[in-house]
Amino acid sequence: SSTQQQQFRYCEGFLVVVDPTASPSYVSDTIANFINSLDEVKGKHTAKAAAVPVAVIITKSDLYKKEIGLPRIKASYKAAVSGIQPTFEQHQNDICRAFLLERGYGNAVNLIEAEFSNIRYFPVSAMGHDAEDGQYEPWGVMEPIFWLMSSDSCPLRNIVQ
């Protein structure tokens with residue numbers, strides 16, 4: 001569209017949804033288009049926009065439970081023995097980021113990380129099961145929202161608290 005997305009000027013955070021069943025080139029193109037639109041709008045406010053928190057959501061994570069499922073991440077966190085233990089959140093972030101890189105989404109990760117400085121990766125399953133079976137048990141859905149709302153710049157923070 002030729003109309004600039006002026007609402008980008010007022011965003012206190014972004015949710016970037018990555019579908020790991022989509023082709024890496026499609027995901028990269030979509031993110032590049034978003035960033036180009038954002039750059040057109042923000043202009044002189046580049047540094048301010050770069051500090052806006054970005055939650056990168058890996059959707060359909062139920063399909064990848066063995067790699068980025070919450071039980072898998074918790075187990076690998078408990079098993080990690082090192083001199084300096086990262087927080088669980090940092091551990092989860094690192095696993096999700098590595099998951100994207102291992103599956104060919106490096107360009108998408110690079111685009112996001114070149115544009116923004118406050119990024120966190122999250123596994124999310126809206127259904128919590130395969131399409132054919134199981135009860136509706138979503139997981140990881142609220143964590144990205146809570147993380148975005150923890151930012152000092154988020155006006156919803158005061159309302160929800």
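## Close-up views of a predicted protein chain

**Overview of the chain.** The protein chain has eight helices and three strands, where helices (H or I, at least four residues) and strands (E, at least two) are DSSP runs numbered from the N terminus. This is a predicted model, in which local features need pLDDT of at least 70 and side-chain atom pairs count only at pLDDT 80 or more, while totals for chains, interfaces and linings use all residues. Residues are numbered from 1 along each chain as its sequence is written, and side-chain values use heavy atoms, with hydrogens and water left out. From the N terminus on, the order of elements is β-α-α-β-α-α-α-α-β-α-α. Of the 161 residues, 39% count as buried, a word that stands for under 20% relative accessible area, with exposed meaning over 50% and partly exposed in between (1.4 Å probe, protein chains only).

**View 1: S28 in helix α1.** S28 belongs to helix α1, which covers residues 24-42, and it counts as buried because its relative accessibility is 5%. Its side chain is joined to that of N107 by a polar contact of 3.4 Å; such a contact is a pair of N or O atoms within 3.5 Å, where, within protein, one must be able to donate a hydrogen and the other to accept it, and residues adjacent in sequence count only if both atoms are side-chain atoms. A polar atom of the S28 side chain also lies 3.3 Å from the backbone nitrogen of A108. When residues up to four places away in sequence are not counted, S28 touches N107, A108 and L111, contact meaning heavy atoms within 4.5 Å.

**View 2: aromatic pairs.** The structure holds five aromatic pairs, in which rings of Phe, Tyr and Trp (its six-membered ring) have centres within 6.5 Å, and planes under 30 degrees apart count as stacked, over 60 as edge-to-face and the rest as tilted. One of them is the tilted pair of F14 and F116, with 5.8 Å from centre to centre and 55° between the planes. This pair links distant parts of the chain, since F14 is in strand β1 (residues 14-18) and F116 is in the loop between α6 (106-115) and β3 (119-123), 102 residues apart. Both F14 and F116 are buried. The ring centres of Y64 and F99 are 5.1 Å apart and their planes are at 70°, so this pair is edge-to-face.

**View 3: helices α5 and α6.** The axes of α5 and α6 come within 7 Å and cross at roughly 130°, the axes being lines fitted to C-alpha atoms, for helices over the stretch in contact, with angles from 0 to 180 degrees between N-to-C directions.

**View 4: S125 in a loop.** S125 is placed in the loop between β3 and α7 (143-149), and it is buried, with a relative accessible area of 0%. The side chains of S125 and D62 are joined by a polar contact of 2.9 Å. Leaving aside neighbours within four places in sequence, S125 is in contact with S61, D62, P138, W139 and V141.
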